[in-house]
Amino acid sequence: MHNFLNPAYVLELFGYVGLGAIVFAESGLLVGFFLPGDTLLIAAGILASHGTLNIFAAILLIIVSAIAGYSVGYAIGAKVGPELFKRQDSRFFSQARLREAHDFFEQYGAQSIILTRFIPVVRTFIPVVAGTSKMPHQKFFVYNVVGACLWGISVTMIGYTLGRVIPNIDTYILPLVLAVMVVSFIPALIHLKKAKTRRV
């Protein structure tokens, strides 16, 4: 079971299908907020550097899946958004994360669509908030595409570069992925701390 905590193992097992499905779910389906995002892209880049995946195909799939995920999230928000703020917490839904995304959107506006691509958990809820807030769809789509491209290319290429310059990095891929997880949560923690400060 612990192997499924390793994004590299998941990618080796499910390949492009697993990569696209996880990026899509983590980007826009509310049940996907606990799925790996940045760590999955790092792992995909490392595997691509060893020839397990094609780097161009992987990046294209990530971008398309990320755009599609955010589009679905926006549609969910536009249709049932207000009701979500009344929904009870569950194993697959967090009211606190939804409100954090709302606060982030209120603070940064349309730019949050790009910025939260690099913030785990919050990025799952931000398109829903954008849809709920009636952000013009055309404007949302432009920011969605830009954010997906920046995130998909930069994070995946970090993994690809590490895989090319560090010998036998696949031996240390799980510790590396865990380190990336810790670092990637720092922006979310900083934002949460600021949000709590503003509420006091």
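Modeller: Gladly! F118, V142, V146 and L150 form a nonpolar surface patch of about 310 Å². Patch residues have over 30% relative accessible area and no salt bridge (a Lys or Arg side-chain nitrogen within 4 Å of an Asp or Glu carboxyl oxygen), and nonpolar side chains are joined within 5 Å. Areas come from the Shrake-Rupley method with a 1.4 Å probe. This is a predicted model, where local features need pLDDT of at least 70 and side-chain atom pairs count only at pLDDT 80 or more, while totals for chains, interfaces and linings use all residues. Residues are numbered from 1 along each chain, and side-chain values use heavy atoms, without hydrogens and water.

Biologist: Why does V142 count as partly exposed?

Modeller: Buried means under 20% relative accessible area, exposed over 50%, and partly exposed in between. V142 counts as partly exposed because its relative accessibility is 46%.

Biologist: Which helix holds V142, and which of the helix's residues are buried?

Modeller: Helices are DSSP runs of H or I, at least four residues, numbered from the N terminus. V142 sits in helix 7, residues 137-165. Buried residues of helix 7 include F140, N144, W151 and V155.

Biologist: How many residues has the largest nonpolar core?

Modeller: A core joins buried Ala, Val, Leu, Ile, Met, Phe, Trp, Tyr and Cys residues through side-chain atoms within 4.5 Å. Here the largest has 27 residues, and W151 is among those with the most contacts inside it. Helix 2 (38-49) gives the largest share of this core, eight residues.

Conventions. Patch = residues over 30% accessible without salt bridge, like charges linked within 9 Å, V, L, I, M, F, W, Y side chains within 5 Å. Helix = DSSP H or I, 4+ residues; strand = E, 2+ residues; numbered from the N terminus. Buried < 20%, exposed > 50% of the residue type's maximum accessible area, 1.4 Å probe, protein only.
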